[in-house]
Amino acid sequence: MNTKASKVYMLFREKILENTKLKHIISNSDYRDFLTSINRVFFFKVIVYLITTIIIVLTARTLTPSQFGRTGVISNIAYLLFVPMILAVHSAMYKFLPESDAKDRKELMSIAALGSLISIPVFSISLLFINKLILKQFNIPFNEWQLAILLTIFLSLSTISESYLRGHRKFNSICLFKLFSAVINLVLIIICFFVLNIKSFEIYVYSLIISHLVFTALALTRAKIFKICKISLSGIKKVYIYSFSNILSMFLGGVTFSSDLFFVNYFCSSSTVGVYNAYQGFVKNIFSVLFYEVFLVVFLPFLAKANHRGLVKSIRRYIPVIIAAVMIGSGLLTIIFILLFGQDYKLNLIYIVLSSLGIALYTIYQIYVYVYNIEGSKRAMLTGLSTLAILPFALGLQYYLVRFYDMKGALISVVLTNLLLILSLKIANRGR
């Protein structure tokens, strides 16, 4: 029986290797490493997201929709501010660490660490001096603003430390540390909500902060960044010229990612903010982070060596498949989560379709942004400018639709905003 099986396998292998393209892919170590990393990361991320889902469901069922909405607003602020807080230095680590030798890697990591030790405190203190009247105009209490800044700081530290591991392709370490920090987060939520009976949105944020702190400590230890080595002016220029070219597109991407919830927070009731966070905010975050941590954790080092023009053309062919897959996946997740969240959250088919389409289009936009940005500083700056050009129209559209059409208007505005962003990006990079 084993002999027959062996013959079948050998025949299958011979037929496969007759195809020169498949033979090249199988024999290419970069492709093999990429596929192996994707499988490994995906396995661990499924477990992590199961834990994250439990955390969110427990939070939504324990808190009121109004309080659950506050967690979304605070998280959105953090994900919007962390890029300028660290001057997008993590993008340079993704770009340059995989292609550098051991000596250059130490210098690049030292530059990022030293620069962040300066930028994070300066940026954080500056944000604390924002006038309370300005925050009031956005319906953001000052205590929530302080909490959001604190979350931003630890999210920034986590992002930088993770970028070191990505640059070294230590995907196993990333997966294990993410899993461990997620377990810590879950344990803290269970203890506070159900043992100590402390039920508030602040608990959710503090437990998230602690999980980022745990990951940062583990990642920095694994990356062996214990002291700052000698750095050069050329190294600083290399890191920050590329980082600065990415700030605009990344920050503006964050604005388009979070602006809809801010408009809902401004125009709608506090309970509507919670329901919107359940339909759009939470599921969108899952797909965004899943894309960011599964696709980009292993794909960005691979992109650094890829034929970018050919890659863009390949992606274009699969856009309908990606949109369909993301819509189906996000739609099913939305239905499951709304049912799990409890009776305060009602199923609405129109909301589900609009939310899923918005998430799918946002995924396409993010893929193009990262593929273009990895080409270099000029392309990244062009990507940012294309987003900046369309942003006033997108924000005006969101303002109008949310103001006059409430939550449904917000979901429609997300779909239209992402369509405009993709169109602007393609026009700016025409011929690519």
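This is a predicted model: local features need pLDDT of at least 70, side-chain atom pairs count only at pLDDT 80 or more; totals for chains, interfaces and linings use all residues.
Residues are numbered from 1 along each chain as its sequence is written, and side-chain values use heavy atoms, with hydrogens and water left out.

Let me begin with the whole chain. The chain has 16 helices and zero strands, where helices (H or I, at least four residues) and strands (E, at least two) are DSSP runs numbered from the N terminus. Of the 432 residues in the chain, 53% are buried; buried means under 20% relative accessible area, exposed means over 50%, and partly exposed lies in between, with a 1.4 Å probe and protein chains only. If we take contacts with a separation of 6 or more, 85% of them are between residues 24 or more positions apart, a contact being heavy atoms within 4.5 Å. The accessible surface comes to about 20,200 Å², and 69% of it belongs to carbon and sulfur atoms; these areas come from the Shrake-Rupley method with a 1.4 Å probe, and for residues only the protein chains shown count as cover.

Now to the charged pairs. How many salt bridges does a search of the whole structure find? The search finds three, a salt bridge being a side-chain nitrogen of Lys or Arg within 4 Å of a carboxyl oxygen of Asp or Glu.

Glu162 takes part in a salt bridge with Arg166, at 2.8 Å from N to O. Both residues lie in helix 8, four residues apart, which is about one turn of the helix. Glu162 also meets Lys178 in a salt bridge, at 3.2 Å from N to O. Is Lys178 buried or exposed? Lys178 is buried, with a relative accessible area of 13%, and Glu162 counts as buried at 4%. Through shared partners, the salt bridges join Glu162, Arg166 and Lys178 into one network.

Ser161 is buried, with a relative accessible area of 1%, and, leaving aside residues up to four places away in sequence, it touches Phe215, Thr216, Ala219 and Leu220.

Let us turn to helix 16, which runs over residues 377-428. Although helix 16 has 52 residues, its end C-alpha atoms are only 15 Å apart, short of the 76 Å that a straight helix would reach at 1.5 Å a residue; the expected span is 1.5 Å times one less than the number of residues. Where is the kink in helix 16 centred? The kink, of about 150°, is centred on Tyr405, and the bend at a residue is the angle between axes fitted to the seven residues ending there and the seven starting there.

Asp406 is also found in helix 16, and Asp406 has a positive phi of about 55° although it is not a glycine. Leu87, in the loop between helix 4 and helix 5 (89-96), likewise has a positive phi of about 55° without being a glycine. In general, most residues other than glycine have a negative phi.

Finally, the surface. A nonpolar patch of about 660 Å² is made by Val183, Val187, Ile190, Ile191, Phe194, Val195, Leu196 and Ile198. Patches are made of residues with over 30% relative accessible area and no salt bridge, like charges being joined within 9 Å and nonpolar side chains (Val, Leu, Ile, Met, Phe, Trp, Tyr) within 5 Å. Ile198 lies in the loop between helix 9 (171-195) and helix 10 (201-223), and Ile198 is partly exposed, with a relative accessible area of 36%.
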